[in-house]
Amino acid sequence: MLEVSGLTTRYGEISALRDASLHVGSGEVVGLIGPNGAGKTTLLNSLAGLLEPSEGTVTFDGEDVTGSSPERLLRMGLALVPEHRRIFADLSVEENLKIGGITVPAARRQPLLDEMAEQFPVLRDKWTTSAGYLSGGEAQQLAIARALMSEPRLLMMDEPSLGLAPVMVDVVFELIASLRDRGRTMLVVEQNATRMLDMADRAYVVRSGAIVAEGTGAELRDDERLFDTFLGN
Ligand SMILES: Nc1ncnc2c1ncn2[C@@H]1O[C@H](COP(=O)(O)OP(=O)(O)OP(=O)(O)O)[C@@H](O)[C@H]1O
Ligand SMILES: [Mg+2]
């Protein structure tokens, strides 16, 4: 579904991502793990069209989408739940969701809103509340639901559990597991490497702007040197 080859993205002179290659197959859940500043966000933002790679290619469903706009990518079915959620604090839960559905045909929007209300009871209960009043965990669920409103075929998430209370981290991981069990294709950046490896079919380890390892959870976990050096604990 997604093929990334030799992707390099720079901030001015600095290459924050160098020669990254990866793939995500239909129905797969793929993790991206690695320390702070490794380039994980740079990679996802490059795939979502928020940053323009200087080298390499991105192919989505067989089509070269390198350098495409975020809107085009969203229309093609590639959605990002961004780092720090980026929900609209002054808008209600419903309004945030409607913005997420902006690229789908008008007739699809209400059925999708109904689906989100059913799938996310905490959001249904705060439907008309300004998103700024949501707890961190609720806001993260809103950010994920907003992305689902675009009916993505590939859902990318950047640190969905970051900054949440432990009980909310559990909620977010359960949500990712339920999306996985329904066959959603996902590419997920997570600091919580151990839990991500349990969840994912495969993962890539990113370090200093490069992909340094790839494998199943079991393979990466068994590589003690890798685990100690790159992931800590
Ligand atoms: N807008 C920017 N301008 C210049 N350098 C940047 C910018 N954004 C990120 N960087 C640098 O690029 C590198 C990769 O950053 P990135 O945010 O992609 O890492 P990350 O793996 O997502 O880290 P974290 O776990 O902290 O979210 C870091 O060295 C960072 O300082
Ligand atoms: Mg990041």
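Q: At what angle do helix H6 and helix H7 pack in this predicted model, and how far apart are their axes?
A: This is a predicted model, in which local features need pLDDT of at least 70, side-chain atom pairs count only at pLDDT 80 or more, and totals for chains, interfaces and linings use all residues. Residues are numbered from 1 along each chain as its sequence is written, while chains are lettered from A and ligands numbered from 1 in the order in which they are written. Helices (H or I, at least four residues) and strands (E, at least two) are DSSP runs numbered from the N terminus, and axes are lines fitted to C-alpha atoms, for helices over the stretch in contact, with angles running from 0 to 180 degrees between N-to-C directions. Helix H6 (residues 136-148) and helix H7 (residues 166-181) pack with their axes 9 Å apart, at an angle of about 20°.

Q: Is H6 roughly parallel or roughly antiparallel to H7?
A: Angles under 35 degrees count as roughly parallel, over 145 as roughly antiparallel, 65 to 115 as roughly perpendicular and the rest as oblique. The angle between H6 and H7 is about 20°, which means that H6 is, relative to H7, roughly parallel.

Q: Which element supplies the largest share of the shell around ligand 1?
A: A residue is near a molecule if its C-beta atom, placed from the backbone, lies within 6 Å of it, and the residues around ligand 1 include Tyr11, Ile14, Lys40, Thr41 and Thr42. Strand S2 (14-24) and helix H1 (40-47) each give at least two residues to this shell. The largest share, 3 residues, comes from H1.

Q: How many residues of H1 are buried?
A: A residue is buried if 20 or more other C-beta atoms lie within 10 Å of its own, exposed if 12 or fewer, and partly exposed in between, with C-beta atoms placed from the backbone. Among the buried residues of H1 are Lys40, Thr41 and Thr42, and the helix is mostly covered, the count being 8 of 8.

Q: Is Pro105 buried or exposed?
A: Pro105 sits in the loop between helix H3 (93-100) and helix H4 (106-119). Because Pro105 has 8 other C-beta atoms within 10 Å, it counts as exposed.
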